[in-house]
Amino acid sequence: MKVKPSLLFTSVLTSLLAAAAPAFAAEAQTAAHPVAAIQDKETPAQRDARMAWWREARFGMFIHWGLYAVPAGVWNGKPIDGVGEWIMNDASIPVADYKKLAPQFNPTQFDAHAWVALAKAAGMKYIVITSKHHDGFAMYDSKADPFNIVQATPFKRDPLKELAAEAQKQGLKFGFYYSQDQDWTAPGGAAYKTGNHAPPTFHWDKAQDGNFAEYLHKKALPQLKELLTNYQPAPAVIWYDTPTKDMTPELASEFVALTNAHPNLIWNNRLGGGYPGDTETPEQHIPAQGFPGKDWETCMTMNETWGYKSTDTNFKSTEVLIRNLVDIASKGGNYLLNVGPDATGVIPAAEAERLREIGKWLDVNGESIYASGPTPFAGDHGSYSATEKTVGEGKPKWVPKWDWRATTKKGKVYVHLFEWPGTTLKLDTGKVKAKSAYLLADPQHAPLALKQDGKSLEVKLPEKPLDPIDTVLVLETGS
Ligand code: JFZ
C-alpha cells in the first residue's frame with residue numbers, strides 16, 4: 001500500500017495492510033496472488049465499465065445494525081467506552097452471555113421500504129449493510145451457521161432480503177459488509193486486541209479458541225457464498241473489514257475464487273492477503289489529496305459510533321455533512337455515511353433529519369455532485385497544522401480550509417461557496433477560462449457579470465448566498 005505519509009492513519013489495520021500489501025506494480029500482482037482476482041485480469045476499459053455506477057454515485061448509506069443494538073453501549077448497567085458494535089470485545093463479554101442477546105432482539109418496527117426511502121430522500125445512490133459484524137451474528141437467513149436473525153431471534157425475518165428487494169424497487173444499489181476475519185463467537189475467529197486481552201489470539205473466552213482456517217471453511221466462506229448467491233439482485237458490493245496477518249494470500253484467495261464468479265461485483269481493500277480490491281477506504285477522515293488515480297470512499301459516522309449507542313448524541317451538523325460530501329467529491333471520492341438503527345428497527349430521528357436536509361440540498365445541487373469530476377484547480381485546500389498532530393502517528397494534522405471547493409463536469413466548473421465572499425468573487429483560475437456564470441440554485445440561471453483577466457476571474461454575486469451552507473456557482477467553460 002503506497003500512500004503518502006500524510007494519508008497514513010494509526011490503526012492495527014493500516015499497519016497490517018501495509019505489511020501484507022507492499023507497493024507492487026500492476027503486473028506483479030498476478031504473480032503474487034494464488035488466485036488472480038478480477039482486478040488482475042480485466043482491461044482498463046472493463047474496469048471502467050464495472051466501476052461506472054459506483055463512480056457516479058458519490059454518496060452511499062452505510063448501515064451498522066446487529067445484536068449490539070440491544071445493549072446499545074451499556075453492559076450490566078455500565079456505559080462501555082468505544083463504538084457500540086465493539087461492546088462484546090470492549091466489555092469482555094463471554095460468548096454464552098453475548099448469545100443470550102439474540103432472544104431479546106425483536107426489531108418489529110423494521111421497515112425496509114422506509115429505510116430505502118430515507119436513503120433515497122438523502123440523495124444516496126447505494127446502501128451497504130452489515131450482514132455479519134465482528135460479533136459473528138448474521139443479520140440474514142444463514143444455513144451455514146445458526147447464530148442468525150432468522151433462527152436465533154423471535155423476529156424470524158430476513159431483513160437483508162427485504163432490503164435487497166426494496167433497494168431494487170427504488171433504484172438503489174445494494175451491498176453487504178461482511179467481517180470475514182474477526183469473529184468473536186465462532187471458534188477460531190480472529191479478535192483485535194482491546195483492553196488486557198492477551199496475545200497471540202486476544203481472545204477473552206476459551207469458547208473463542210480454535211483454528212482460523214477451519215473457521216473460514218466452516219463459517220466465513222460458506223456465508224459469503226450465501227450472500228453472493230441467495231439474494232436478488234446479487235449484491236453490488238462486498239465490504240470486507242479488519243484483516244489480520246492470519247489471512248494469508250492462500251486463505252484470501254479462497255474468497256477471491258468465490259467473488260470472481262460475480263464479474264460485476266465491487267469489493268474494497270480490506271480482504272487481506274495482499275489483495276488490493278477495488279476501493280481505498282479511509283475511515284473517519286478525508287485525505288488531504290484524496291487518492292489520485294484510485295477509487296476511494298471515505299466511510300464516516302454521523303455521531304461517534306457505527307452501531308447504535310443510546311448515549312451518543314454527538315451528531316455532526318448538516319452543514320459539516322454537506323461540506324464533507326463536497327470536499328470528498330472535489331477530490332474524486334465517495335462518501336459512505338453511516339446510520340445506526342436501534343434494536344426496535346428504527347433509524348434514530350437525529351440521523352434521519354440530517355439525511356433529509358442533505359437530500360434537500362442535493363435536490364437543487366445534485367448536478368454538481370453526481371458523476372462529477374475532481375477540482376480543476378491546483379493545490380491542497382488547507383494546510384498542515386504547526387501545533388496539532390495526528391493521534392498516535394505524531395504527524396502534523398491536516399487542517400482543511402472550509403471556504404470553497406470545486407467539482408467539474410464536461411464544460412462546467414462548480415464552485416461551492418461555503419463562505420459567502422460578498423458581491424465580488426475573485427478566483428485564481430489558472431488555465432480554466434469561464435465564458436459565463438450563474439448560480440445553480442437560481443431557477444432562472446440568470447447570467448452573472450464576469451471579468452476574466454489572464455489567470456484571475458471576477459464574478460459579481462448577489463449580496464446574500466442562496467443557500468446558507470453551500471451556494472454553487474457554475475462556470476461555463478465551453479469545453
Ligand atoms: C472497522 C470496524 O472494526 C468497525 O466496527 C466499523 O465496522 C468500521 C467501519 O470498520 O473499524 C476500523 C477499521 C479500520 C480502522 C479503524 C477502525 N483504521 O484503519 O484506522
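Predicted model: local features only at pLDDT ≥ 70, side-chain atom pairs only at ≥ 80, totals over all residues.
Between domain 1 and domain 2, about 1900 Å² is buried, and 58% of that area lies on carbon and sulfur atoms. Three residues deserve mention here: Arg 323, Glu 367 and Ser 368 together supply 33% of the area that domain 1 buries against domain 2, more than any other three residues.

Let me place the two parts along the chain. The domain assignment gives residues 5-368 as domain 1 and residues 382-476 as domain 2. Their centres, taken over C-alpha atoms, are separated by 34 Å. Where the two domains meet, 23 residues of domain 1 are in contact with 22 residues of domain 2.

The side chains of Glu 367 and Lys 412 form a salt bridge, with an N to O distance of 3.4 Å.

Which helices supply at least two residues each to the side of domain 1 that touches domain 2? They are helix 12, spanning 318-330, and helix 13, spanning 349-365. Helix 12 gives the most to this side, with nine residues. Sorted by class, the side of domain 1 that touches domain 2 comprises 10 nonpolar, eight polar and five charged residues.

Definitions and conventions:
Residues numbered from 1 in each chain as written. Heavy atoms only, no water. Domains from an automatic or database assignment. Contact = heavy atoms within 4.5 Å. Buried area = accessible area lost by both parts, 1.4 Å probe. Salt bridge = Lys/Arg side-chain N within 4 Å of Asp/Glu carboxyl O. Helix = DSSP H or I, 4+ residues; strand = E, 2+ residues; numbered from the N terminus. Nonpolar A, V, L, I, M, F, W, Y, C, P; charged D, E, K, R; others polar.
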